[in-house]
Amino acid sequence: MCTVCGCGEGEVRIEGGDHGHKHDHHHHDHAHGHDHHHHDHEHNHDHGHHHHYGEGPAGVSVPGMSQSRLIQVEQDILSKNNAYAAENRQVFADRGILALNLVSSPGSGKTTLLVKTITMLAERFGLYVIEGDQQTSADADRIRATGAPAIQVNTGKGCHLDGHMVGHALEHLKPADGSILFIENVGNLVCPAAFDLGEAHKVAILSVTEGEDKPLKYPDMFAASSLVILNKTDLLPYLDFDVSVAIANARKVNPAIKVLEVSARTGEGMAAWCAWIEAARAMQLAGHPAGKAAE
């Protein structure tokens, strides 16, 4: 089990690969061969009181592991992931590729938003998609129906994409220089906040069918994101959702965050979203001859 997020070491399947592979890749090496008798003395739990999950400096509770050991394991996992992410980021920088990591809860409308975005930008830019889900290729199939190349990464029991998975996917997807790469992460507002993929920006999609307090409940994700897309605004007349409160909550967590109100269904706000992407791409291309040549 991953002590950062609790997901299992399942088999990860990437389309285009010969077969699925066990995704331990060293960054999931959790040294389970520890001495349980030793760690029994390190817990120091007061069993006369209710123990809250996440209590202690590590912010998580795993039977048989001390808080100090949990912290070290988490640091090791994230350090190794960050090394893979740095490799991805260098590839993107050298080739002028804008990579956007789309994150949200399940059901926020990420895939519908992405399909609409691709139809609006396809004639102007090379667009590629890495699609992350625990199982099925349904979303990747929806993306490919637009004509954009997409590759599915099935994480099995894993609840997030990581830098190594994305690196493998890039080997098969082969995005062109100067293109835009959308990484649709597994629906989850917790773990993807901690795992850098090498992207230029995280973009958090928050549906109006969710609560205005989501940014306060999941602060790490909104703190790590450059942009919030407040999606499904066409449903606002039928909901008790206060847009101003949601925006204020996002800015309590991240004062610099930009917010766009969007309906992928009606097209409201889509032009502003596409303009944001174009501006981000221009910044990515600045100073990179390979990317400029691809324009």
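This briefing covers a helix contact, an aromatic pair and salt bridges in one structure. The model is predicted, so local features need pLDDT of at least 70 and side-chain atom pairs count only at pLDDT 80 or more, while totals for chains, interfaces and linings use all residues. Residues are numbered from 1 along each chain as its sequence is written, and side-chain values use heavy atoms, with hydrogens and water left out.

**Aromatic pair**

- A search of the whole structure finds 1 aromatic pair (ring centres within 6.5 Å, using the six-membered ring of Trp).
- The ring centres of Trp-273 and Trp-276 are 5.8 Å apart with planes at 20°, so the pair is stacked (planes under 30 degrees apart).
- Both Trp-273 and Trp-276 are buried (under 20% relative accessible area, with a 1.4 Å probe and protein chains only).

**Salt bridges**

- The whole structure contains 8 salt bridges (a side-chain nitrogen of Lys or Arg within 4 Å of a carboxyl oxygen of Asp or Glu).
- One of them joins Arg-89 and Asp-196, whose closest N and O atoms are 2.9 Å apart.
- Arg-89 is partly exposed at 34% relative accessibility (between the 20% limit for buried and the 50% limit for exposed), whereas Asp-196 is buried at 18%.
- Asp-177 and Arg-95 form another salt bridge, at 2.6 Å from N to O.
- Asp-177 is partly exposed at 32% relative accessibility, and Arg-95 is partly exposed at 26%.
- Asp-234 and Arg-265 also meet in a salt bridge, at 3.6 Å from N to O.
- Asp-234 is buried at 18% relative accessibility, whereas Arg-265 is exposed at 68% (over 50%).

**Helix contact**

- Leu-113 and Met-120 are among the residues of H3 that meet H9, where the partners include Trp-273 and Ile-277 (heavy atoms within 4.5 Å).

Methods
Helices (H or I, at least four residues) and strands (E, at least two) are DSSP runs, numbered from the N terminus. Rings of Phe, Tyr and Trp (its six-membered ring) pair if their centres lie within 6.5 Å; planes under 30 degrees apart count as stacked, over 60 as edge-to-face and the rest as tilted.
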